[in-house]
Amino acid sequence: MDTQSNSRVEQEFARAMMEFYSTTDRYFAILMVVQWVFAMGYVIFWTPYTWDGFTRSFHHDIWVVLVGGGVLTFLSLNLFFLFPGRILTRHAVAVMQMAMSMLLVYLAKGRTETYFHVFGSLAFLSFYRDYKVLLTATVVAMLGYISMNRVTSWRWLEFSIWLLFADAFLIPVCISVYSRLYMYCARRVQLEDACRDAEQRFQERTAELILTQRELLESQKLEAVGQLASGVMHDFNNLLAVIAGHANSLKEEFVLTPALVERIRAIESSAERGAGLSKKLLDFMRPVETEGGEVNVRNIIYETAILLKPSLNEKIQLSVDCPQDLWTIPGDATEVFQVLMNLAMNSRDAMSSGGKLKISAANVEADEDYCCMHTSVRPGRYVRLTVEDSGAGIPKELQDKIFEPFFTTKPSGGGNGLGLSVVYRIVKSHEGVVSVYSEAGRGTVIHLYFPRQESSIYAAPAGARMTLLEKNSLRGKKVLLADDEEGICRIGTEMLTRYGARVDVCHNGVDAIETVKQKPHEYEIIILDAIMPKVGGLEAYEAMRNIAPQAEFILASGYAESPEITAMREQTELKFIQKPYRAEHLAREIMRKSSKKSEAC
């Protein structure tokens, strides 16, 4: 055991011995009273009077018992009440108990059987578990025996030998009990330490389970909202696809009428904004998949501050604190920028009458001690982004709800409740952690922990590798388009025809499979809607890919890409495109697959 444990063992042992000493003092105080009462009864019953000629008087033994025994009993009771458990008390008790024993021997006129009371007193005194008390009692008994002057010297020696003989048995027992009690205290301290460690581990595990439960409930809430949103957004995306497709066609048809083209572009822009809102809602269905780039957080913070200043009230003071050596993080710079803007806008709205807004960042190496203080953080290296405001704060009862979709404390029309939920999803998609500290009336501090970029990674934006497509780039290609929406089939046919493709249309998966079976080598491109009556897109793909191995398959859906589709894409050459899509996006996806297949050949 360590020094601290040894000290606790000593304290526990001292406490236990003090308890033993105090209890034994109490027993001997009671015993002294009983012995005194017995001695008084004995002398009154046996020799109450004495005769001097013709005069009768009380026997002098009565006065000896009354005064001597009373003094011994009174002193014992006083020591017990005034100094319980003290070393002086137990040695004084030993002296007075032996004196009481010798008094009883004196009253019995030295009868042999009364000497057993002396040995009995030694046995009772061993309850103190202190062999020094026995030695004191033995010396007092020897002196008392000699002071009576009723026996010869060899009797005194015999009596002393008997006392030492009794001590030879009692002293080892006292020492053994003393050492065993010390071992018991040591084991008790070890058990307490083990219980405390187990309790600490239990509390840590409980806290971890509570945190995990909260995260699970949050995930389930987001998943439920995502499923609801996905069902609505699927049909919404189909409508947007028709609107955007027709708008694109009209724009090219009336290219010589600028006024009309501007109106068509407004329609296109509205459709794109609707598609953006749809994508934001669909993100709740599954975690956001971030681009594997390297993000310079410091630059993003200063860019955010520059863009944020014009939108702030003049009473709001904006400050930025960002070290020069701030680490980079893996992820998507656009999404990190969106996170900072969402949090900053929330802080701005919380300070309608002015205040202070601070955006800061720091490198954090989270060790075990740090994680004990910040239970949501796991050990590792992080870039911590902090958005701090002096606004109205968030009541504690609402802090668990602020990341729920559509939850808002703003008045009607002041917000849609998606800002913080988007923040939460983006941070989680970067394998990060969100921590909130807020008090009503004292502002809010939100910490975002992003794992550090361990190796330099740079991925060029996908758009940088795209090239413009020319008309007739799909000339000569035969396409089968399968979708249960009439509007999607019509506008899709128009889009692909514009780029030179020949298109056949099916309105469900069964018809598409039958068409491919009848013409297995005719189609080079097969576009399948993921959700169709009778047979869905994935099932149709499974049935057709062996019938038409030369064909390129593209799966389109208004839903977010599901894990089943992702797994199929990783195992095969199936491609996925999100509705609503524009004509050039669809054509580019077809050309990209065709070029990859040509390179493979």
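Over the ring of which residue does the charged end of R452 sit? That ring belongs to W327, and the charged end of R452 is 4.2 Å from its centre. A charge sits over a ring if NZ of Lys or CZ of Arg is within 6 Å of the ring centre and within 35 degrees of the ring normal. R90 likewise lies over the face of Y21, 3.8 Å from the ring centre.

Please keep in mind that this is a predicted model, where local features need pLDDT of at least 70, side-chain atom pairs count only at pLDDT 80 or more, and totals for chains, interfaces and linings use all residues. Residues are numbered from 1 along each chain as its sequence is written, and side-chain values use heavy atoms, without hydrogens and water.

The structure holds 10 aromatic pairs (Phe, Tyr or six-membered Trp rings with centres within 6.5 Å; planes under 30 degrees apart are stacked, over 60 edge-to-face, the rest tilted). Two of them are shown here:

| Pair | Centre distance | Plane angle | Type |
|---|---|---|---|
| F13 and Y178 | 4.9 Å | 85° | edge-to-face |
| Y541 and F553 | 5.0 Å | 70° | edge-to-face |

F13 lies in helix α1 (residues 3-46) and Y178 in helix α6 (residues 153-253), so their pair ties together parts 165 residues apart in sequence. Helices (H or I, at least four residues) and strands (E, at least two) are DSSP runs, numbered from the N terminus. F13 is buried at 7% relative accessible area, while Y178 is partly exposed at 38%. Buried means under 20%, exposed over 50%, and partly exposed in between (1.4 Å probe, protein chains only). F13 and Y178 also form one aromatic cluster with Y182.

Y541, in helix α14 (residues 537-544), and F553, in strand β13 (residues 552-557), are 12 residues apart in sequence; both are buried.
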